Amino acid sequence: MKSNKKLVSYLLILLISLTAQIPLTTLRFVIPIFAHNAGASIFIIGLLGTVYGSIYFVLASIFGRYSEKIGIKRMASLGMILYLVISLIYTQFRTPYEYLLGKSLEAVSMAMVWPAVEGLSSKLGNKNKESALLMYTFGWSIGASIAPYIASFLLIYNDLYPLFFSSIISLLSFIFIIISKPGEEGEIIEGFEGFSIAFNIVFPMLIYGFDSSIFYSFYSVYGTIYNFGKYSTGLIGTFYGIFQTIAFIISWLISRRIKSGKLIVIGTIMSLFVFLVYLYHTVLISIVSFSILGFGMGLVYYSALINIFRTFHKDVTSKTGIFESSIGVGYVIGPLVAGIPTRLGYILPWLVLVMFSFLLLIIEIVGHFKGKLM
């Protein structure tokens, strides 16, 4: 009986994260395209990510802290209903600046959802935090993998179809959150020795937020500018998500044998391969480079979050709030800096990504040798 309950809990973790991520990635893919078609410059397209990140950065830690008080299920479910409404509101937008408003509302919704969903996943997983995290990361990474390709397919028929699709999946996520039952976990000892908020949460998730926000802000338009076609451009996002998923599975297999600090450093090194996109503007090179980037970011994400799951229990959502806010900082500065208009145009974002990754890599290496990275 206990085994069946455990399987149901793991299935719900997977379904909640999957259905929360699909609408998010769908809108990440289509909104830059819609804004570009509405006349937005590269700076405005970068600003879409910055506006999202600025609000997300401020609210994620706040909602994470208060979700324990009002209930993590209530916080997450309200966020998904709000996202359903936002997806439908996008159907009425016609100017670039309206899309900035839309991204602001998205940020409010997702700041409610993700810290609470991460906390819910930890509690649904009982004491087996590694398996809970695998289900959580596997679910949303699958969603991130398939959403761009589904969105690109729907765009062939009608621009509004991805928005309707996003609203329907948001409703499913709401239902899965409502029916979940965390249950009793028993006493779990929290261990803070050797844990550094800066090196174990802030810096790793800053690089994750910076790199992934640049990728999602610009790759769909980058593919359009270089005539990759909608299918090929969507395939780039799919490969990014697939290799991120593979990284989650590998991290789960080796995380008890290899220190997470090493995995974070390795993952950051992999982001440097995006430099190839600056040299070669082809579909194949883009798929290879961004697949490596996705794998590297998967290592960074899993390693940082498993440290939180293993270390904290009673105060987990306040730490997942910091985790998500750190991603939000990357969302703020990444698209803003990468979207500065220059003669380099849509090549500039990938150069900025590589340079910032290298800077954070040096910081992470220093933290690793000083014993600050677990």
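Which helix is Leu105 found in? In this predicted model, Leu105 sits in helix 4, and that helix also holds Leu101. Leu105 has a relative accessibility of 31%, so it counts as partly exposed. Leu101 is partly exposed too, with a relative accessible area of 48%. Setting aside neighbours within four places in sequence, Leu105 touches Leu82 and Ile86. Tyr52 lies 53 residues away from Leu105 in sequence, yet the two C-alpha atoms are 8.1 Å apart in space.

Both leucines belong to a nonpolar patch on the surface, together with Ile81, Val85, Ile89, Leu171, Leu172, Ile175, Ile178 and Ile179. Taken together, these residues put about 750 Å² of accessible area on show. Helix 3 (72-89), helix 4 (96-124) and helix 6 (161-179) are the elements that supply two or more residues each.

Now for the chain as a whole. Its secondary structure comes down to 13 helices and zero strands. The radius of gyration is 19 Å, close to the 21 Å that the globule rule gives for 374 residues, so the chain is as compact as a globular protein of that length. Along the principal axes, the C-alpha trace spans about 55 × 45 × 30 Å.

Of the 374 residues, 60% are buried. Looking at contacts between residues at least 6 apart in sequence, 87% link residues at least 24 apart.

Technical notes
Residues are numbered from 1 along each chain as its sequence is written. This is a predicted model: local features need pLDDT of at least 70, side-chain atom pairs count only at pLDDT 80 or more; totals for chains, interfaces and linings use all residues. Side-chain values use heavy atoms; hydrogens and water are left out. Patches are made of residues with over 30% relative accessible area and no salt bridge: like charges are joined within 9 Å, nonpolar side chains (Val, Leu, Ile, Met, Phe, Trp, Tyr) within 5 Å. Accessible areas come from the Shrake-Rupley method with a 1.4 Å probe; for residues, only the protein chains shown count as cover. A salt bridge is a side-chain nitrogen of Lys or Arg within 4 Å of a carboxyl oxygen of Asp or Glu. Helices (H or I, at least four residues) and strands (E, at least two) are DSSP runs, numbered from the N terminus. Buried means under 20% relative accessible area, exposed over 50%, partly exposed in between (1.4 Å probe, protein chains only). Contact means heavy atoms within 4.5 Å. The radius of gyration is taken over C-alpha atoms; the globule rule is 2.2 Å times the number of residues to the power 0.38.
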